[in-house]
Amino acid sequence: MLDLLNDLLWGKVLIVVLIGLGLWFTIGSRFVQFRYFGRMFRILGANQAFSKDKHGHLSSFQALMLSVAGRVGGGNIAGVAVAITLGGPGAIFWMWVVGLIGMATSYFECTLAQAYKKAEPDGTYRGGPAHYIARGMGAKWGWLAAVYSVLLLLTFGFGFTALQSYAVATSFEDAFGIPVLATGAVLAVVIGVILFGGVKRIAKVAEVLVPVMAVGYLLIAVAVIVLNIEQIPGVIALIVKSAFGLEPAIGGGIGAAILMGVKRGLFSNEAGLGSAPNVAAVAYVPHPANQGIVQAFSVFIDTLILCSCTAFIILLGTVYEPGAATDIGGVALTQASLASHVGEWGRIFVSIALMLFGFTTIIYNCYLGENSLSYFSDQNRPLTTTYRLVAVSLCGWGATTDLGTVFAFADVTMGFLALANLLALAMLFKPGLRIMRDYDEQIAAGIEEPVFDAKRFADLDLDPDAWVIEPEDLERNTKARLQPA
């Protein structure tokens, strides 16, 4: 039954809905992910992106690293290898397409999460799909917000926390021979220390660890590309040709290439699932669109950069032969391919990368589970403490247990999670466009750093405490708006 539901949700329904809505968001926003691509770097390059505000809220960069921690995981290493094995090199092309479309979806869901966030007494923010469903869609949709929160808790807080622990422990055992029981015990202690420090400690860990692991993996891929630079044009041509069925006997043909590329792309970048908006909402930014633009960039990092790293490592290697049968797949194919470039230490490097990717994903999953509880009970310390203890226990238990059935169940709940979020995004597309146009108008008026005046959106039921604008910023903003174009 679980396999049947998974096939229906991820093989048919969600592919159509996610791609369809992604195209709608892209066209309706006049290709926002491309219009503001350069601004992604400008926002991250500004001092405000790395600094907290005077109240100690998290920075835009910290929120970005939290979301990258969740998006970047086993799918970037093992998932890409599976896509190439089953769909041929052309699957990578369709993965790129899904990533580019998903950037628009991520922009809107994260912009809405910022707009509808709520301020907490401890100097943090909370937000996400449950909050923009409840506030944006009205009281009659409160049941959907509650269902979403429960699904988020089951999927990420419980299911994927245990599953990632198993992936990290088995990776350590393969690379260094360390028993999974020992890894599970250490993992539980470390995750506990981080988790009980709250979202600010989680963000501090992510902002250090995520760039290190992402840049490290990128550098090894760049080294492989440089060593095989003369083969790059041929590999790119192979990817494009096989994507349209112009290369015979590769994978399962054009149908398999599209199916595997789309599925792996959606699984990897999570655009539209509603998970990233939970962390996008925690940052202090002067305008919701700022974080929407930054979070669109996190999809680019995941799919267009890191997934491509794995693809080039495999396609430039000697282990995978297009069109030929292969006995290895998944992470083993990536390990063997990297070893063919740099020697046997490449296998250990992949295991370490998989372990780091999995570790940061556990931190991210635990935060999502905790955030899901905040919708039901604000600042409930006994409930939060109980959840943290359960999450720590799952890290230890999951490391020693093969959870195939749990994985299938979590995939099903994640599918329904995505459907609930996508329904909300479709219904809140107009408010999202209003917020985007407010940002566009300020840019057109010559305002370098647009600010969000929540009073201009009084009908959206926003939390005024989450959008306190400095008087000088509001004055500058108002003067710029009044100037003739």
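A pocket, in this predicted model, is an open set of grid points with protein on both sides within 12 Å along at least five of seven lines. The largest pocket holds about 1,100 Å³ of space. It is lined by 44 residues. Closest to its centre are Gly74, Gly75, Gln164, Arg264 and Phe407.

Helices supply much of the story here. At least two lining residues come from each of H1 (2–28), H5 (60–71), H6 (74–87), H9 (142–176), H13 (253–269), H16 (331–342), H17 (345–374) and H19 (404–427). H9 gives the largest share, nine residues. By class, the lining of the largest pocket has 19 polar residues, 17 nonpolar and eight charged.

Turn next to the nonpolar core. The largest one has 150 residues. Within this core, Ile84, Tyr107, Tyr132, Ile133, Ile191 and Tyr217 have the most contacts. Helix H15, residues 288–315, contributes the largest share of the core, 17 residues. Ile191 shows what such packing involves. Leaving aside residues up to four places away in sequence, Ile191 touches Phe359, Ile362, Ile363, Cys366 and Cys395.

Now go back to H16, one of the helices that line the largest pocket. H16 has 12 residues. Its first and last C-alpha atoms lie 17 Å apart, close to the 16 Å expected at 1.5 Å a residue. The buried residues of H16 are Leu333, Thr334, Gln335, Ala336, Ser337, Leu338, Ala339 and His341. Just after the helix comes Gly343, with a positive phi of about 100 degrees.

Definitions and conventions. Residues numbered from 1 in each chain as written. Predicted model: local features only at pLDDT ≥ 70, side-chain atom pairs only at ≥ 80, totals over all residues. Heavy atoms only, no water. 1 Å grid on protein atoms, 1.4 Å probe; cavity = no way out; pocket = protein on both sides within 12 Å on 5 of 7 lines; lining within 4 Å. Points joined across faces, edges and corners; volume = space filled by probe spheres on them. Helix = DSSP H or I, 4+ residues; strand = E, 2+ residues; numbered from the N terminus. Nonpolar A, V, L, I, M, F, W, Y, C, P; charged D, E, K, R; others polar. Core = buried A, V, L, I, M, F, W, Y, C linked by side-chain atoms within 4.5 Å. Buried < 20%, exposed > 50% of the residue type's maximum accessible area, 1.4 Å probe, protein only. Contact = heavy atoms within 4.5 Å. Expected span 1.5 Å × (residues − 1).
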